[in-house]
Amino acid sequence: MIDAEAPKVARGDALSKARFTLTSAGRFGAAIILFWLIVAIVGPFVAPFTLGEFVSDEGFAPPGGASLLGADYLGRDMFSRIVHSAWLTLGMAGAATLIATSVGSALGIFAAIKGGWTDMIISRIVDTFHSFPTLMLGLVVIAALGPSSALLILMTGLIYATSVYRIARALGMDIVVMDYVQVARARGEHTSWILFHEILPNAATPLVVDFGIRLSFSILFLSSLSFLGLGVQPPYADWGSLVRENMLGLISGSLAAIYPALAIASFTIGLNLIVDDFAASSGRAISGKIA
Amino acid sequence: MLTLILQRLGVGLLTLWLVTILVFIGTELLPGDVAEAVLGQSATPEAVAALRTEMGLDRPAIVRYFEWISGMLTGDLGASLASGAQISGLIAERFSNTLLLAGLTAFLVVPSAILLGLVAAMYPESIFDRIVSVATMFLVAVPEFLLGTLLVLVFAVQLRWLPAISYTTEFRSFGHLIETLALPVLTLSLVLLAQMARMTRSTILNILNSSYIEMAVLKGVRRHRIVFRHALVNAMSPIANVIALNLAYLVSGVVIVETIFAYPGLAKLIVDGVSSRDFPVIQACAMIFCTAYILFILVADVAAILSNPRLRRKAH
């Protein structure tokens with residue numbers, strides 16, 4: 001519906017040739033991402049305490065001894081809680097983004113190939129969902145169905161699939177009219193063959209860049225829901241719910257709420273640094289657009 | 001052009017209608033209807049059935065949908081399930097609080113974001129431009145609650161200049177109003193400022209790269225004259241588009257910020273409503289937020305049409 005916002009992406013064939021090199025900022029971003037991925041996978045096995053283990057009798061105990069970052073509002077080790085909740089935070093966002101990218105790009109390119117009525121019907125439906133503020137859509141769905149992890153992932157994935165759809169459709173529209181696609185059609189190739197051999201390889205790079213942007217949106221969205229108390233529910237925790245739990249300690253000067261918020265910020269900033277490099281080497285700053 | 005704008009208005013109304021259907025389906029037809037939500041899981045089937053009849057839930061959904069719509073149009077939003085209070089009363093006070101927060105933010109952010117974006121675009125790759133680019137990139141990537149908590153830590157806990165929460169809106173004086181709203185407005189402003197400045201910068205940079213500007217440069221027109229007489233005139237509508245799109249962001253930004261500072265606004269009402277499954281409250285608040293959002297997007301659309309001669313001529 002917003003034409004000025006519609007993604008303008010370079011032609012697919014030019015993009016696939018773009019050489020991808022990381023600047024120092026991009027390498028820094030990659031290092032942050034790698035660090036958190038290792039923490040998420042290895043962390044739970046090496047963390048000093050478990051998710052629910054108490055290190056102090058009082059809430060918001062200052063750092064000291066085995067407790068690197070102090071205690072949370074109940075007296076549990078903050079450092080271990082951040083490490084233990086990394087996989088849920090990143091895993092849920094990653095799964096949601098995989099859904100968004102696969103569903104969104106499949107539908108978008110399908111609509112671009114088919115055109116006509118198929119395209120119009122899918123586009124209208126997607127536009128309607130897209131014109132909902134994402135957070136409101138999330139709140140209504142959670143109110144109706146309750147906050148289960150599977151629902152949160154599916155919902156986030158489908159919400160962002162609408163954004164991916166628009167980008168994939170625009171890309172597909174550009175590629176469908178290329179000579180090599182026309183030739184393939186004239187040869188009598190099947191639609192699915194054209195999709196996998198001609199269109200997808202040429203649309204891959206911008207879709208990967210978009211995956212990075214969408215992943216950082218998903219993390220921010222899911223942790224916002226948890227921060228509102230409507231996302232991941234205790235006894236489980238993600239970084240957003242850790243911020244929420246420990247907000248009250250802020251007034252007494254406890255940094256317990258700041259650490260998980262910093263964890264989220266560092267991950268999304270790292271992602272943005274990589275995406276900026278990727279986008280720059282594809283010739284267009286897709287990251288500059290807010291979709 | 002007028003037909004195109006009217007067409008957009010029609011699409012906006014159509015979207016709003018589809019949104020009412022989605023909100024209604026979302027909160028009425030999905031598992032666990034309102035009667036079950038009120039009575040809880042331990043309620044006997046008889047009690048649920050009785051309450052269902054009493055609330056009119058046994059009638060067809062379509063009838064209730066039209067009752068809901070007509071009630072909304074005449075200002076009757078029904079009663080809250082949690083407190084039994086009239087929703088229109090609950091909303092009236094909180095709506096003005098949210099409007100105050102969002103309005104103040106917009107008032108501060110719009111001029112400063114445009115100025116920042118404009119100067120950054122006028123001197124691309126300069127130190128100033130780099131600082132703006134990096135700072136806004138960080139601000140956009142960071143969650144609102146990190147900014148909020150950091151600001152509280154600095155201004156409320158360390159410096160003790162401002163209160164950490166803003167739960168009152170009974171302002172004793174103008175100074176008190178500023179003191180109470182400073183942190184929520186600042187948090188919201190920083191995020192909005194970053195997004196808007198980034199988009200303004202790329203919009204103006206886009207125009208400065210067009211061939212008629214190159215022509216003006218080759219003619220020897222001075223830099224300021226190029227920016228203010230040639231570029232800015234053409235940048236008006238795209239910038240209006242950027243402003244409207246970003247103000248639409250306020251709809252979700254306000255929800256987080258009100259929660260951080262326990263500010264008694266509409267967002268607090270809907271978040272509490274979701275926790276307690278207070279469906280009439282959710283419906284009413286969601287409709288207000290969605291209407292505001294669609295309105296901003298519509299304004300952005302119209303601005304885009306006005307700015308693009310190709311869109312002006314042919315229907316899209």
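How many helices and strands are there in chain B? Chain B has 13 helices and zero strands; helices (H or I, at least four residues) and strands (E, at least two) are DSSP runs, numbered from the N terminus.

This is a predicted model, in which local features need pLDDT of at least 70, side-chain atom pairs count only at pLDDT 80 or more, and totals for chains, interfaces and linings use all residues. Residues are numbered from 1 along each chain as its sequence is written, while chains are lettered from A and ligands numbered from 1 in the order in which they are written.

**Chain B.** Of its 316 residues, 40% are buried, meaning that 20 or more other C-beta atoms, placed from the backbone, lie within 10 Å of the residue's own. Contacts are pairs of residues whose C-beta atoms, placed from the backbone, lie within 7 Å. Among chain B contacts with a separation of 6 or more, 70% join residues 24 or more positions apart.

**Helix 8 of chain A.** This helix covers residues 191-227. Its end C-alpha atoms are only 45 Å apart, short of the 54 Å that a straight helix would reach; that expected span is 1.5 Å times one less than the number of residues. The helix bends by about 50° at L200(A), and P201(A) follows within four residues. The bend is the angle between axes fitted to the seven residues ending there and the seven starting there. Just after the helix, G229(A) has a positive phi of about 85°.

**The A-B contact.** Chain A gives 42 residues and chain B gives 50. On the chain A side, helix 5 (134-145), helix 8 and helix 10 (258-281) each give two or more residues. Helix 5 makes the largest share, ten residues.

**Core.** The largest nonpolar core has 167 residues; such a core is a set of buried Ala, Val, Leu, Ile, Met, Phe, Trp, Tyr and Cys residues joined through C-beta atoms within 7 Å. L139(A) and I270(B) are among the residues that touch the most other members. Helix 12 of chain B (residues 279-307) gives the most to this core, with 21 residues. Leaving out residues up to four places away in sequence, I270(B) touches L139(A), V281(B), I282(B), C285(B) and A286(B).

**Confidence.** Chain A has a mean pLDDT of 81, and 89% of its residues reach 70 or more; pLDDT is the predictor's confidence in each residue, from 0 to 100.

| Stretch of chain A | pLDDT | Contacts beyond near neighbours in sequence |
|---|---|---|
| Residues 1-18 | below 50 | 52 contacts |
| Residues 284-291 | below 50 | 23 contacts |

Where pLDDT is low, the predicted coordinates should not be read in detail.

Conventions
A residue is buried if 20 or more other C-beta atoms lie within 10 Å of its own, exposed if 12 or fewer, and partly exposed in between; C-beta atoms are placed from the backbone. Two residues are in contact if their C-beta atoms, placed from the backbone, lie within 7 Å.
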